[in-house]
Amino acid sequence: MLGNFSFCNPTKLYFGDQALQNLGDELDRYGKNVVLIYGGGSIKINGIYDEVTAILREKGKAVAEISGVMPNPTVDKLYEGVAIARAHHADFLLAVGGGSVCDYAKAVSVSVHCDEDPWDKYYLRFEEPTCETLPVGCVLTMVGTGSEMNAGAVITNPHAHLKIGHVFADEKIMPKFAILNPNYTLTLPHRQMAAGIYDIFNHICEQYFSGEDDNTSDDLSEGLMRSVIDAGRAANRDPQNYEARSNLMWSATWALNTLLSRGKSTDWMVHMIGQSVGAYTNATHGMTLSAVSLPYYRYILPYGVKKFARFAVRVWDVDPADKSDEQIAGEGLARMESWMKELGLAMNLRELGATEDMIDGIADGTILLTGGYKTLSRDEVVLILKECL
Ligand code: NZQ
Ligand code: ZN
């Protein structure tokens, strides 16, 4: 294991088809003024809104609502939510939705009592909150981001063509609790389910493709990846399969709750490029990742060939006999590619509305990180993006 580290994740998870029964007791711990935050209306169609608001009424909460939080929530929507939470003297923020709604709630949490512009402070200067923050709880309806158990909050500034994630250092920004009922995810459109499956898988890859030491975190990652591959196939064949959907939900949470990155460096360049693609196209997060992954991994493979070969054997069951590391690694990525196609993922950027003239801007908006097998230059990002078109 690399270096010295701490691990603390205070989010309490309630999992299973009866998980919502715990919401009332959790709400008892916080003040009367609750802001209920949700997206474009899926929770009104599938009944989750009625179930949650019944509990809020039963607990005598004074409720204000922030509705219409869009996928890839914008900075303007953040300003609007901050004003609502301030006017309501909010004690608690209850997010009911997917990663966008959970991320957004965290962004509101750190902004309500902040005198500065939250975009400048948290997303351009990457500062930590210096004000009081509000507690957040989460009822999850879409699986993928891990936002339900982490301190990440991704916000898009469409005016500046920037989509930036801030992973707050203080674990108090993590949700206080998360209600995880796999049945809630059954109404997701197939495309969102598939995007979420790939998001989980890629979160694990981002933390796996780095380092050369023998590291327990990598063994945990391999187990989780195998589970996501199998459960992803089963859910793709039969989206109503509770067993598969529950495995995906649990894997998603553990894929990005800081466990897998302990004692390791991490890569995260697929996300950096994917986010910048998102800033230009507003495409579904998981699809931006699937569209850039293979060209990126094939580009960095020579710099981390041993790990890619290990990935092929341990995750994709490639037979290594009489093959070079390069051959084994290549076969692993080929198997990953067929799995991605089986799920119906976007395999190039044109499918997402990206065009050649956006490439320079996307490359400019890509944050270059140094933890993976190859530190990319801006020109290399351009090269990879051209491969992705
Ligand atoms: O808005 P509604 O009507 O609810 O519809 C949503 C939305 O259109 C729909 N949906 C959610 N649950 C549903 C449902 N439809 C039917 N039935 C349900 N049960 O799904 C659509 C997508 O929802 P969204 O929340 O946008 O998806 P996701 O969970 O993938 O979140 C994406 C956001 O999270 C960020 C992404 O960048 C993006 O902004 N990320 C957050 C991370 C974190 N906190 O650590 C890490 C990730 O890498 C990611 O960057
Ligand atoms: Zn992601």
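**View 1. Lys 77 sits in helix H4, residues 75–87.** Helices here are DSSP runs of H or I with at least four residues, strands are E runs of at least two, and both are numbered from the N terminus. Lys 77 is buried, at a relative accessible area of 8%; "buried" means under 20%, "exposed" over 50% and "partly exposed" in between, with a 1.4 Å probe and protein chains only. Setting aside neighbours within four places in sequence, Lys 77 is in contact with Ile 66, Ser 67, Gly 68, Val 69, Met 70 and Tyr 104, where contact means heavy atoms within 4.5 Å. A note on what you're looking at: this is a predicted model, with local features needing pLDDT of at least 70 and side-chain atom pairs counting only at pLDDT 80 or more, while totals for chains, interfaces and linings use all residues. Residues are numbered from 1 along each chain as its sequence is written, chains are lettered from A and ligands numbered from 1 in the order in which they are written, and side-chain values use heavy atoms, with hydrogens and water left out.

**View 2. Four residues hold the zinc ion (ligand 2): Asp 199, His 203, His 271 and His 285.** Asp 199 donates through OD and each of the histidines through NE2, at 2.0 to 2.1 Å. Donors are N, O and S atoms within 2.8 Å of the metal (3.2 Å for Na, K and Ca), and as water is not among the atoms, sites may look incomplete. Along the sequence, the spacing of the donor residues reads D-x3-H-x67-H-x13-H. Asp 199 and His 203 share helix H7 (residues 190–208), 4 residues apart, or about one turn of the helix. Both are tucked away: Asp 199 counts as buried at 3% relative accessibility, and His 203 counts as buried at 2%.

**View 3. Helix H7 crosses helix H9 (residues 242–255) at roughly 35°.** Their axes come within 10 Å; these axes are lines fitted to C-alpha atoms over the stretch in contact, with angles running from 0 to 180 degrees between N-to-C directions. From H7 the contact takes in Met 193, Ile 197, Ile 200, His 203, Ile 204 and Gln 207, and from H9 Arg 245, Leu 248, Ser 251, Ala 252 and Ala 255. Sorted by type, these residues come out as 7 nonpolar, 3 polar and 1 charged, with Ala, Val, Leu, Ile, Met, Phe, Trp, Tyr, Cys and Pro taken as nonpolar, Asp, Glu, Lys and Arg as charged, and the others, Gly among them, as polar.

**View 4. Cys 205 is another residue of helix H7.** At 0% relative accessibility, Cys 205 counts as buried. Not counting residues up to four places away in sequence, Cys 205 touches Met 225 and Tyr 297.

**View 5. Trp 119 and Tyr 123 form a stacked aromatic pair.** Rings of Phe, Tyr and Trp (its six-membered ring) pair if their centres lie within 6.5 Å; planes under 30 degrees apart are stacked, over 60 edge-to-face and the rest tilted. The two residues are 4 apart in helix H6 (residues 118–124), so about one helical turn separates them. Trp 119 is buried at 5%, and Tyr 123 is buried at 1%.
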